[in-house]
Structures are given as structure tokens and as C-alpha cells.
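Here are my notes for your read-through. Please keep the model open as you go.

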Amino acid sequence: MPDRSAKTATNGRPQTDVEQLHKLVLTSLDDDQAVEVVSIPLEGKSNIADHMVIASGRSTRQVASMAAKLAERIKQQFGKNVRIEGLPAADWVLIDADDVIVHLFRPEVRSFYNLERMWSFGDEAVSATAHGG
């Protein structure tokens with residue numbers, strides 16, 4: 001089985017350890033008191049990323065703050081600028097860190113779109129925190 005913990009540098013992109021990036025995302029969300037953090041493994045199911053993380057904030061202010069802090073932490077640790085969509089309204093913020101995609105929602109918006117159900121297809125979504133897993 002190939003080692004997926006480290007991606008090779010191709011197309012001039014810096015080498016990224018996917019599992020360390022995933023752990024940083026979960027730790028950052030836990031530190032910022034994200035609610036109902038769910039991590040869905042996508043490896044082997046989709047080529048868009050290896051992990052999708054979905055979490056909620058209690059307000060637009062918290063969602064925006066979590067997104068900004070997460071982007072800054074990824075940049076500090078991995079030297080990578082992530083793509084962010086939806087930050088001005090902060091109802092649904094998408095952070096694309098290549099191998100890990102993060103969706104941050106206000107609770108009402110999260111229940112409306114229900115991404116967990118759409119992407120779990122047959123598998124149980126893995127509830128995760130940095131401490132639990």
C-alpha cells in the first residue's frame with residue numbers, strides 16, 4: 001500500500017503532509033470551539049481532496065474568526081496560502097487547502113445544505129476532534 005502521508009512535490013507545489021494538515025485543521029477548530037466537527041474521508045472516493053471537514057460556529061462572527069485563524073495557522077505551519085470563499089457573509093465559508101477541504105457554517109445554513117449526508121454516501125461520517133480523533 002502506498003504511503004499517503006507525504007505527497008510528492010509536483011507542478012512546483014510544495015510538499016504537504018496530508019495527515020499533519022488534517023490534524024492541524026481539527027486542532028484549530030477545537031481550539032476555536034467549533035461545534036459538531038465532522039471529518040469525512042474522501043481518499044479513494046473523490047479526487048478533489050483526501051479529507052472534508054465540516055463544522056459550525058455559533059454566529060457569523062465566530063465562523064469568520066475560525067476561518068481567518070485556520071488560514072493563518074495553515075500558512076504559518078505549511079507556508080501555504082489557502083483559497084477562501086464566503087468570508088464576507090460568513091454564513092458558509094469554504095477553505096480549500098488542496099488535500100483538506102473545510103466547510104464552516106452557521107448552524108441554520110448547515111442544516112439546510114446537509115453536506116454530511118451528501119458526502120457520506122454509505123459510510124458513517126467520522127465525528128472528530130483533535131483529541132478524539
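What share of the contacts in the protein with a separation of 6 or more comes from residues 24 or more positions apart?

1. **Overall picture.** This is a predicted model. Residues 24 or more positions apart account for 57% of the contacts with a separation of 6 or more. The protein has 133 residues, and 40% of them are buried. Its secondary structure comes to four helices and six strands. Along the sequence, these follow the pattern α-β-β-α-β-β-β-α-α-β.

2. **Helix α2, dimensions.** Helix α2 covers residues 60–78, 19 residues in total. From first C-alpha to last, α2 reaches 27 Å. That is close to the 27 Å expected at 1.5 Å a residue. Just after α2 comes G79, with a positive phi of about 65 degrees.

3. **Helix α2, two faces.** The buried residues of α2 are Q62, V63, M66, A67, L70, A71, I74 and F78. Viewed down the axis of α2, they fall within an arc of 165 degrees, so they line one face of the helix. The face turned away from this buried side carries the exposed residues R61 and Q76.

4. **The α1–α2 pair.** The two helices pack at an angle of about 145 degrees, and their axes are 10 Å apart. The crossing of α1 past α2 is right-handed. From α1, the contact uses Q20, L21, L24, V25, S28 and L29. From α2, it uses M66, L70, R73, I74, Q77 and F78. By type, the residues of this contact divide into eight nonpolar, three polar and one charged.

5. **Two backbone points to check.** Most residues other than glycine have a negative phi. Q33 has a positive phi, near 60 degrees. Q33 sits in the loop between α1 and β1 (35–41). Is Q33 buried or exposed? Q33 is exposed, with a relative accessible area of 55%. D98 is a residue other than glycine with a positive phi as well, near 70 degrees. The place of D98 is the loop between β4 and β5.

How values were computed:
Residues are numbered from 1 along each chain as its sequence is written. This is a predicted model: local features need pLDDT of at least 70, side-chain atom pairs count only at pLDDT 80 or more; totals for chains, interfaces and linings use all residues. Side-chain values use heavy atoms; hydrogens and water are left out. The expected span of a helix is 1.5 Å times one less than its number of residues. Buried means under 20% relative accessible area, exposed over 50%, partly exposed in between (1.4 Å probe, protein chains only). The arc is that of the directions from the helix axis to the C-beta atoms. Axes are lines fitted to C-alpha atoms, for helices over the stretch in contact, and angles run from 0 to 180 degrees between N-to-C directions. A crossing is left-handed if the near helix is turned anticlockwise from the far one by less than a right angle, and right-handed if clockwise. Contact means heavy atoms within 4.5 Å. Ala, Val, Leu, Ile, Met, Phe, Trp, Tyr, Cys and Pro count as nonpolar, Asp, Glu, Lys and Arg as charged, and the others, Gly among them, as polar.
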